[in-house]
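Work through the exercises below with the sequence and the 3D structure at hand. Try each task before reading its solution.

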Amino acid sequence: MAISPFVEIDATQKLDPFKGVKKIPLEEYFTSGHRTCQGCESALVMKMMVKAAGPRTIVLGSTGCMYVANTTYYSTSWVVPWMHTQLGSSGSAGLGAAAALKAQMRKGKMKKEPINVIAFCGDGGGADMGLGAISASLTHPDYNFLILLYDNESYANTDIQLSGSTPYGAHTTFSPPGKMKRIMHHRWKKNTAGMLAAGHPECKYVATVCMSYGLLGMNCIRKALEIGGPTFVHSLDPCPKGWDYDPYISHELGELAVTTGIWPLYEVENHTLRLLGKTKEIAEGRYVRQPVRDYLMKQGRFAHFTKDDIDYFQSKVDEMWQKWLIPGVIPMMKDVEGDKPPAE
Amino acid sequence: MGRLFAVEIVYRGIFQKTLAKNISRGIVLAASLEGKPGTSFGRYGDSPERNGIPAKYFAIVATDDLTLEEGMAKYEPKEVDITVCVDDTLCKGVESWAWYGLQPINRLTKAGGTLIVTSKEPPEKLMPMIHQKQDPYKLAVLKGIPSFSGLWVYKDDHTDVRILGAIAKLLPDMLKLDSVKQFILHEWNDAVKVQSATNSYNRITAQNVSPSQGNPEKPFQFELLKWHEMRDGVSIPCIAPGHKMDDPATHATGGFQPARNPTFKKWSTRTMRPVIDFDTCIKCTLCWLQCPDSCFDVTPEGLYDANMEACCGCGVCEAVCPVKDCVTMVNEVAFKDNSSQWEAWRKNKDTYNTWLKGTIANKADRSHGFRYKGQYEEQTPEMLEIAKSS
């Protein structure tokens, strides 16, 4: 892609992909003693995110579980520098920190070196409230930072209110199933990563990850940091509290989200789309998508589903795979013109 | 002035939230049928709750309005007539959201008050876990498997009404069995639940606990900075980088042990702990990599030792381990300390492996919430049988 001569790009850290689980460094930069739930996959994302980024990293966190539970009164689990930012401002904070580092180094107030800047947000802070700021920040090619959205599909910190990322039909504090009306949340989940990839030509890297596939996820984060400019990674995190399941199956639910085709894994690197892992195998016909029932019926938030509800959910996932212009990524139908020819 | 009664319900966050609410609410509504006003509330400092992290509900009942108002003019009661502990592993102490350091389960139980524990274990097995208390009090065990479910789907195994029946027996001045029965019929219209409460009323017994009984250890405490001692910008130091590990047998160094948050250990969140067969471990890294709490120390020979000061017992390590019986989750009640399994194994492999086999063979079944639809329906008959017969 052509780059304007007026854009000043700084070097990034060299972050080659980890060649296998045994090559992952032993050092932890997000450690024990956070007050998250048993089996919290978002805490796992924090751990793997900074493990992938390494010690020369600054992390900024907008309000949410990963702020509140990890830094309760005068205590922390972070080994790298970490700062809290407001609920909707992970984009602004990431951009601001990257710009500040750039200015400090230009003025000679800091040693010139590439420092990773990662701003994380939950689905409430990122996919809902902070979306405008994230969008704005992804238009700035001069600054190197990563925005990581950890998506547990609700406002989990404040006891599970519905967000734009909550899946169809899920039980939340805002959508309790009732006797008269069983399905209180009837909107399909927002397609945040696809939207940000499609809408930001200056952004060189967007990926979806799930840390049940930890090595793949960490390598996506390394690539996002190395490629430079503003980048975005969206992680799906099973949440034992809000999804209502035994923490023992946290890892399995992450795998099921991918193998059922509900959560496609992909990266958009320099505007080239690449499906990853099991998602790639599904697309190439080497792996058969599992029925969504296997995923839904393991979670208390879907316990009220009838067969019809499961069928509807399955039909929407089938639609993602069979009708979307790019399966699982861009929700525009390929056959729109064929079905309904434009009026002549 | 009239008389004020206070009951606290100590429970596992989220897992037992509905259970604790049912008990607390039940106390207040049943007492109101006798003309006693009351109020039921969750401790503010425990919110937002997390799965497994200990939390509290309080039920306050008075003989008249003025006494209740006086009792409510406090953030939380300083002492309670009854402490209800709905999971026996909480007997080891409580490190909650609302508090730094470990608190004994009986801290608020007043002299002559009663601690009710739901457990499959007999009192003599629970006693060594419970910290010593200066004043004598009573211990009552409600037999049963600790009831765990989740935020949305409730496991209705009658633990709630059985506790209410037990309270009516142990503190009749606050609550009579008739009011409990009336409340249950009004709330659930279920004669079997009434019978469960009545059975528990008839059979619960409490034994005296003297100041010399129990765990003599002093619970750990932390002194945190006061507001006037804080640094500029409300900043605190990061956790230090970790260090290599030392082999107790050969004194070889290697591997990695992370430094950890010194003021929150998280082990009191644990209800089960992983026990590890180091001889069958294939060093695949998965338990270490997938642990959300970074609790595995990497030993010089590349094994993974779950650090029991940091492990909160989620069970993900057992779930991801590809080797049969290499990582096994065992009921926390079976353990007396948090020492390193790897060090024990390095010192004497035969002794360790004998211990390991015995521990795994005697592991008690625990259930930590929803794994599939229909699971609670399969699990409740066992508990209802206990409610009927013991």
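**Exercise 1. How many helices and strands does chain B have, and how does its radius of gyration compare with the globule rule?**

Solution. 
Step 1. Count the elements: chain B contains 11 helices and 13 strands. Helices (H or I, at least four residues) and strands (E, at least two) are DSSP runs, numbered from the N terminus.
Step 2. Note the kind of model: this is a predicted model, in which local features need pLDDT of at least 70, side-chain atom pairs count only at pLDDT 80 or more, and totals for chains, interfaces and linings use all residues. Residues are numbered from 1 along each chain as its sequence is written, while chains are lettered from A and ligands numbered from 1 in the order in which they are written.
Step 3. Apply the rule. The radius of gyration is taken over C-alpha atoms, and the globule rule is 2.2 Å times the number of residues to the power 0.38. For 390 residues the rule gives 21 Å; chain B has 23 Å, which is close, so chain B is as compact as a globular protein of that length.

**Exercise 2. Into which domains is chain B divided, and what separation do their centres have?**

Solution. 
Step 1. The domains of chain B are domain 1 (4–222) and domain 2 (236–262 + 272–361). Such bounds come from an automatic or database domain assignment.
Step 2. Taken over C-alpha atoms, the centres of domain 1 and domain 2 of chain B are separated by 34 Å.

**Exercise 3. Describe the side of chain B that touches chain A.**

Solution. 
Step 1. The contact takes 53 residues from chain A and 51 residues from chain B. Two residues are in contact if their C-beta atoms, placed from the backbone, lie within 7 Å.
Step 2. On the chain B side, β9 (253–257), α7 (286–290) and α8 (316–320) each supply at least two residues. The most comes from α8(B), with three residues.
Step 3. Sorted by type, the residues of this side are 29 nonpolar, 15 polar and seven charged. Here Ala, Val, Leu, Ile, Met, Phe, Trp, Tyr, Cys and Pro count as nonpolar, Asp, Glu, Lys and Arg as charged, and the others, Gly among them, as polar.

**Exercise 4. Which residues have the most contacts inside the largest nonpolar core?**

Solution. 
Step 1. A nonpolar core is a set of buried Ala, Val, Leu, Ile, Met, Phe, Trp, Tyr and Cys residues joined through C-beta atoms within 7 Å.
Step 2. The largest such core has 139 residues, and A:Met49 and B:Cys287 have the most contacts inside it.
Step 3. Helix α1 (residues 41–53) of chain A gives the largest share of this core, nine residues.
Step 4. Both domain 1 (4–222) and domain 2 (236–262 + 272–361) of chain B give residues to this core, so the core lies between them.
Step 5. Leaving aside neighbours within four places in sequence, A:Met49 is in contact with A:Ile118, A:Leu148 and A:Ile221.

**Exercise 5. How many residues of helix α8 (residues 250–259) of chain A are buried, and what do they pack against?**

Solution. 
Step 1. Eight of the 10 residues are buried, so α8(A) is largely enclosed by the rest of the structure. Among them are A:His251, A:Leu253 and A:Leu256.
Step 2. In chain A, the buried residues of α8(A) pack against α1, β6 (230–236), α9 (277–283) and α10 (292–296). In chain B, they pack against α7 and α8.
Step 3. Just after α8(A), A:Gly261 takes a positive phi of about 85°.

**Exercise 6. Is B:Lys283 buried or exposed?**

Solution. 
Step 1. B:Lys283 lies in the loop between β10 (272–276) and α7 of chain B.
Step 2. B:Lys283 has 12 C-beta neighbours inside 10 Å, so B:Lys283 counts as exposed.
Step 3. Its phi is near 55°, a positive value in a residue other than glycine.

Key: A residue is buried if 20 or more other C-beta atoms lie within 10 Å of its own, exposed if 12 or fewer, and partly exposed in between; C-beta atoms are placed from the backbone.
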